[in-house]
Amino acid sequence: MDYFERLGAALEDAWSERGRDEEQFPAAAVAVLDRLPPGEAFDRSQLLTHLLDPRRAVPLQLAPLGAFGQPGFTVFHGHGFVVEIYHWLESLSAIHDHPFCGAFTILDGFSVHARYEATRGAALGGRAQRADLQLRALELLRPGAVVPFSLRLHPLVHALVHVPVSSISMVVRTVRTEGYFRYLPPSVALPMEGEAEPLGRQLALLDALAIAGDPSHPERLAAVLERADFEVALRVLSAEWPRTTPAGRAALVTQVRARLGAAAELLAPLLERARRLQEATAVRESLRDPELRLVAVALGYAEHRDQVLELLRAHGVEPLATLHRFVDEAGLFAQGEEASAIIAHGLVEGGGATQALAELRRVYGPAAIDAHEADVVEFCETSLFAVLRAATP
């Protein structure tokens with residue numbers, strides 16, 4: 001498609017006029033995309049034909065196959081910058097910054113954009129750092145939206161989740177990289193790259209032993225945690241947390257407290273947040289209905305009820321009706337879990353544990369519910385629907 005050639009040439013000129021300063025590349029990209037809006041040239045069928053054409057010349061590919069996009073394509077490789085197209089079935093859920101400068105835009109579908117204000121602070125151990133992380137916006141991006149980012153002038157810590165299956169985005173960016181961090185709200189940042197050898201392979205084996213139910217796993221887990229710095233402890237507990245009971249989670253934190261000191265108190269809050277996001281991501285990936293997928297994204301990232309309702313309103317649907325439909329149709333509750341569905345419907349309406357217990361006693365009788373009061377409270381406070389409890393931000 002000659003659009004990418006025209007876009008690349010215009011980017012080269014615009015960036016040259018700004019002295020090829022990497023921090024000025026986002027401004028060049030925004031100006032060029034305003035002058036050559038991709039939406040006016042975008043045709044999904046033509047783009048797919050172009051990308052699948054075996055006869056066309058293909059530039060050097062910087063979009064890693066299997067790592068970003070399903071798949072991604074470098075469609076223009078310029079002097080120090082690239083234009084990349086990403087086809088998405090499921091986008092990454094990690095909150096991250098960028099190691100390069102540029103801008104992204106949505107070509108097809110729509111996306112939820114969670115934007116954060118983040119400040120990295122003191123080292124915690126290993127490569128982990130303290131990070132003050134606050135959600136500033138949970139917004140809907142439609143085709144034509146352009147968002148710049150850079151290392152200093154336009155810092156962007158975010159998660160961008162493409163909702164419909166499939167969606168297409170485009171990124172214009174520099175190629176030199178400088179740092180790349182993943183953020184775990186509310187308080188920690190980690191380098192995006194995984195553990196170096198041999199540690200990464202050892203932790204993968206430890207995880208495999210847990211999945212296999214190997215009887216030696218608890219003893220081996222304790223031995224690893226006994227020597228773990230903060231980063232290793234976080235990575236190990238991130239794997240253990242979703243498959244462990246609340247009492248087991250508390251015991252894991254106790255195991256590392258003697259070694260990590262006060263830093264150990266950061267673990268439970270961020271691991272609970274990560275567990276909720278992991279659950280929401282798994283639910284989203286099990287669905288195809290765009291509205292239900294949007295609800296799953298909202299429940300995963302929102303920090304209070306109003307953010308969920310506002311995001312659904314922005315999509316043009318009635319929030320409560322859509323949330324109730326999600327409870328009924330997302331496949332979360334198997335036969336015999338009707339009580340959980342009742343609680344979820346109550347949380348959609350802004351209730352909490354008190355209202356849930358009253359409704360369950362009305363439906364099932366006090367004798368059937370009193371012994372499960374703690375379970376009901378836990379569901380209201382830790383389930384995917386907990387964010388819907390009525391509360392001020």
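How do the residues of the lining of the second largest pocket divide into nonpolar, polar and charged? I looked: 12 are nonpolar, four polar and six charged. My classes put Ala, Val, Leu, Ile, Met, Phe, Trp, Tyr, Cys and Pro as nonpolar, Asp, Glu, Lys and Arg as charged, and the others, Gly among them, as polar.

**Ground rules**

I am working on a predicted model, where local features need pLDDT of at least 70 and side-chain atom pairs count only at pLDDT 80 or more, while totals for chains, interfaces and linings use all residues. Residues are numbered from 1 along each chain as its sequence is written, and side-chain values use heavy atoms, with hydrogens and water left out.

**Second largest pocket**

I stayed with this pocket. Its volume is about 530 Å³. I noted 22 lining residues, and Ser340, Ile343, Asp375, Phe379 and Ser383 lie nearest the centre. I then asked which helices contribute. α9, α13 (338-348), α14 (353-364), α15 (366-369) and α16 (373-382) each supply at least two lining residues. The largest share comes from α16, with five residues.

My pocket is an open set of points on a 1 Å grid over the protein atoms alone, with protein on both sides within 12 Å along at least five of seven lines; a cavity is a set where a 1.4 Å probe fits but cannot get out, and lining residues have an atom within 4 Å of a point. Points are joined across faces, edges and corners, and a volume is the space filled by probe spheres set on them. Helices (H or I, at least four residues) and strands (E, at least two) are DSSP runs, numbered from the N terminus.

**Largest pocket**

I moved on to the largest pocket, at about 940 Å³. Its lining holds 38 residues; Arg182, Leu184, Ser238, Ala274 and Gln278 lie nearest its centre. With nine residues, α9 gives the most. By class I recorded 22 nonpolar, six polar and 10 charged.

**Cavities**

How many cavities of 30 Å³ or more does the structure hold? I found two.

**Cysteines**

I searched for disulfides (cysteine sulfur atoms within 2.5 Å). The count is zero. I also checked burial, where buried means under 20% relative accessible area, exposed over 50% and partly exposed in between (1.4 Å probe, protein chains only). Cys101 is buried at 0%. Cys380 is buried too, at 1% relative accessibility.

Most residues other than glycine have a negative phi, and most peptide bonds are trans. I listed some exceptions. The bond from Gln70 to Pro71 is cis, with omega near -5 degrees. Pro71 sits in the loop between α4 (44-52) and β1 (72-77). The bond from Pro185 to Pro186 is also cis, with omega near 10 degrees, and Pro186 lies in the loop between β10 and β11. Arg20 is not a glycine, yet has a positive phi of about 55 degrees. I placed Arg20 in the loop between α1 (2-17) and α2 (25-35). Arg20 is partly exposed, at 24% relative accessible area.
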